[in-house]
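Here is a short briefing on selected features of one protein model. Please keep the sequence and the 3D view open while reading.

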Amino acid sequence: MKKKPLSLIFLFAFAYFNPVFSATEKAVSASTKNQQGCLVCHQGIEDFTEGLMMTTIKGMAEPYGDPGGCVICHGGTPNATTKEKAHQGSPKQLMAATGPQMFYPDPGSIWINEFTCGQCHRGVANRLKKSLMNTEAGKLQGNFWSWGIQKDMKVVWGNYDIKDEDGATPAIGTDAYKAYMEKMLAAHPDQFPKELQQVPELDVNSISEHPNLAGITYSRQECQRCHVGSKGRERRGDYRGAGCSACHVPYSNEGLYEGGDPTIDKKEAGHLLVHKLQATRKSKVKVGKVTYSGIPSETCNTCHNRGKRIGVSYQGLMEFPYGSPYDDKGDTQPGLHTKKYLFIKDDLHHQIASREGNPQGGLLCQDCHTSIDIHGDGNIAGTTLAQVEIECSDCHGTPDKFPWELPLGYGEEFDKPLEKTERGLAKELPDYMRWGTIYKPEQGYLLTARGNPFGNVVKKGDEVIVHSASGLDFKVPILKQIGIDKTWKSLDGHVAMAQVKGHMDNMECYACHADWVPQCYGCHITVDYSKGKTSVDWIKTANSLGKNGLNKDYKDKSNASEGKVKETRSYLRWETPILGVNGEGRVTPMMPGCQVITTVIDKNGKTIVKNKIWNTPEGPGLDMAAVQPHTTGRKARSCESCHNNPKTLGYGIEGGRFTSLNNPRYIDLETATGQIIPANAQVQMPAIPDLKWDLSQIITREGKQLVTVGSHWPLTGPLSQAQRDRMERTQVCMACHKEMTNAELWQKLNSKEVLDDNMHAEMINKLMRRAVENKKPLN
């Protein structure tokens with residue numbers, strides 16, 4: 001007998017056994033069934049979803065004179081005669097089932113979620129409260145590390161006081177996943193804290209003695225806006241709901257409503273796009289003439305446009321200051337997330353058919369990222385690596401192993417040997433995965449590196465199919481199958497992946513396949529406490545909760561804190577990212593993290609520090625961070641871009657020979673010896689006294705680490721001396737070309753013509769083979 005989805009079983013049971021459907025309330029239903037309830041005013045509003053879920057919601061609400069179902073999620077009093085009364089309290093009978101008397105403007109808020117979404121989706125809100133989506137613990141730890149506030153890698157701070165009171169075993173997941181994570185938590189207690197403390201408010205009187213504590217102001221005012229405990233900022237691109245609604249309710253970048261509710265002003269920004277649930281493939285959303293399913297990537301980008309910038313990078317966007325080209329009015333781009341953007345190249349997985357010639361379309365973020373990646377598993381994750389359970393090889397495998405032949409943990413070895421047991425495939429889904437669209441398993445669901453099934457990725461014959469929430473299906477390129485079929489697209493790819501085994505054993509796939517990485521060098525920050533300056537404090541805003549689950553308006557003066565932040569950068573790059581080692585022990589792209597260069601002005605207007613770099617346990621706090629940049633391309637970076645590029649190795653752009661900033665620079669009339677002539681000349685570029693190297697340099701050729709590299713995991717750092725020595729092949733051209741005037745040599749090599757790249761490669765290959773044939777060692 002085919003197993004019914006748990007969601008259907010639970011909803012049927014809920015409909016029949018919930019106190020709402022007692023005999024008394026069915027009697028109430030008979031007397032109110034012809035009433036319109038909330039729809040008296042909201043006639044024309046979209047049903048939030050469809051199918052059994054919506055039928056059940058409406059059925060639950062019918063006893064209260066609300067055939068539209070609004071009261072089940074929003075509370076309120078549907079038969080009230082005024083808006084004010086309708087938006088206060090809940091029907092008396094409903095309170096017993098759903099909680100206290102209250103009207104919930106945004107039922108998705110995690111602070112009241114147990115009475116709304118949590119009626120059916122039990123446990124999700126509790127997990128979400130402890131996830132990175134809410135705590136932002138990793139961001140705080142990284143910021144405070146670069147400011148010299150955090151002295152170790154132990155994760156301490158969050159947006160809220162939170163405790164994990166149910167132990168180390170995850171609340172959800174397969175038995176294999178739970179066993180894997182129990183071992184991981186035991187091995188990395190600093191990255192999986194048992195509790196978090198809310199970041200304290202700053203006593204500005206302490207700034208004169210401890211100016212680096214301005215980092216608290218910086219974090220609270222500039223960095224902690226993007227978590228699901230609160231709503232978004234009311235700026236273009238930042239409109240969103242709270243909690244579940246942050247992802248599952250569509251908001252356009254313009255924040256304008258395009259649905260049928262006559263009570264919502266369609267010209268007023270700040271509203272949802274339509275009153276619909278966006279979730280999996282089965283949840284269809286209709287906006288005008290467009291119907292879609294799944295969660296658009298731009299929803300994710302409401303938050304994922306700062307920090308690692310993985311959301312906008314996935315779309316191919318990098319912020320830049322110019323805003324060109326001009327529009328037909330001669331104006332630059334409108335601000336998006338308060339920034340302007342340059343299109344570089346979007347991720348291969350994202351590319352849209354109409355724009356990039358992809359005949360099929362692109363993947364949504366949720367097609368790769370699992371429920372645990374987003375909602376958490378019930379433990380407190382201190383960093384991204386702690387929470388995210390997926391690796392590229394989970395779907396693509398390796399040149400000598402199919403994905404199901406790999407052991408659990410492949411791709412995140414942490415310098416430890418793995419068990420040899422194959423992970424296999426799953427035939428069934430765990431209960432927590434049975435709420436969304438359920439796909440036929442075929443030969444089986446593929447497993448993540450930590451042992452949970454991908455509910456949308458299946459093995460079908462010799463193929464692996466990804467079922468996108470968008471409704472599209474994709475065939476996954478499987479590396480071992482490509483080798484069997486001999487269908488490598490390029491010699492470079494075949495050599496790099498199948499013949500140089502060290503690449504696959506020691507590197508992240510995206511170390512080569514990331515086309516670009518956003519690199520914002522130098523994070524110049526001024527924190528000014530003078531003249532009573534204040535600004536929005538996002539942690540204070542997040543904790544200013546009303547009984548209805550919403551925060552006070554962030555513009556409310558009570559949500560401000562002392563001090564005001566200004567921020568800019570030294571320069572931007574995107575090409576040929578630096579390589580280093582990530583927390584898993586694998587070679588990975590790096591990007592500037594919190595490269596903090598600080599000026600602090602106290603409440604009396606005195607500049608306490610100017611262009612100060614703070615010290616961390618690993619050196620100056622100009623952090624270079626490991627990153628999965630989400631800019632994958634089919635054509636990988638060239639061999640030369642790594643093996644013949646000092647920047648890639650960590651030595652800086654062109655070996656770090658540019659951008660000296662450690663002395664003040666005057667630009668005016670000067671003598672041939674550099675003496676400034678005018679007495680009134682002023683400094684054009686102030687000095688950063690402690691910066692004696694280029695911001696793109698993290699290590700010297702002699703092995704001296706110049707800056708901190710990563711703050712979360714012990715293995716993170718620059719490439720080791722041995723790795724750099726093995727990789728660097730700068731100057732190899734000179735081996736041949738220093739003999740350019742040796743006519744006898746070139747005559748013996750039978751070279752009388754200009755060699756193109758292929759001829760060069762062939763000649764070197766012949767020389768190597770000739771040496772082997774003659775049994776003469778090459779060294």
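How many bridges join β8 to strand β9? Three do, and the two strands run antiparallel. This is a predicted model.

- β9 spans residues 453-460.
- Leu447 has its bridge partner in β9, namely Pro453.
- β8 and β9 belong to an open sheet of four strands, ordered β8-β9-β10-β11.
- The pairing in this sheet is antiparallel.
- β8 (444-447) and β11 (473-475) are the edge strands, since each pairs on one side only.
- On average, neighbouring strands are turned by 40 degrees against each other, with direction ignored.
- Strands of a sheet pair through backbone hydrogen bonds, and the pairing can be parallel or antiparallel.

**Helix α4**
- Helix α4 covers residues 51-61.
- Its buried residues are Met54, Thr56, Ile57, Met60 and Ala61.
- These residues lie on the same side of α4, because they cover an arc of only 160 degrees around the axis.
- An α-helix has 3.6 residues a turn, so residues three or four places apart point the same way.

**Aromatic pairs**
- The structure holds eight aromatic pairs.
- Phe320 and Tyr322 form one of them, with an edge-to-face arrangement.
- Phe320 is buried, at 13% relative accessible area, whereas Tyr322 is exposed, at 60%.
- Trp538 and Tyr554 form a tilted pair, because their planes stand at 35 degrees, with ring centres 4.9 Å apart.
- Trp538 lies in helix α25 (residues 538-542), and Tyr554 lies in the loop between α25 and β14 (560-562).
- The pair therefore ties together parts that are 16 residues apart in sequence.

**Ring cluster and a charge over a ring**
- Which residues do ring pairs link into a cluster? They are Trp147, Tyr218 and Trp614.
- Arg586 lies over the face of Tyr410.
- The distance from Arg586 to the ring centre of Tyr410 is 5.1 Å.

Conventions: Residues numbered from 1 in each chain as written. Predicted model: local features only at pLDDT ≥ 70, side-chain atom pairs only at ≥ 80, totals over all residues. Heavy atoms only, no water. Buried < 20%, exposed > 50% of the residue type's maximum accessible area, 1.4 Å probe, protein only. Arc of directions from axis to C-beta. Phe/Tyr/Trp six-rings, centres within 6.5 Å; stacked < 30°, edge-to-face > 60°. Lys NZ or Arg CZ within 6 Å of the ring centre and 35° of its normal. Pairing = 2+ DSSP bridges. Axes fitted to C-alpha atoms, helices over the stretch in contact; angles between N-to-C directions.
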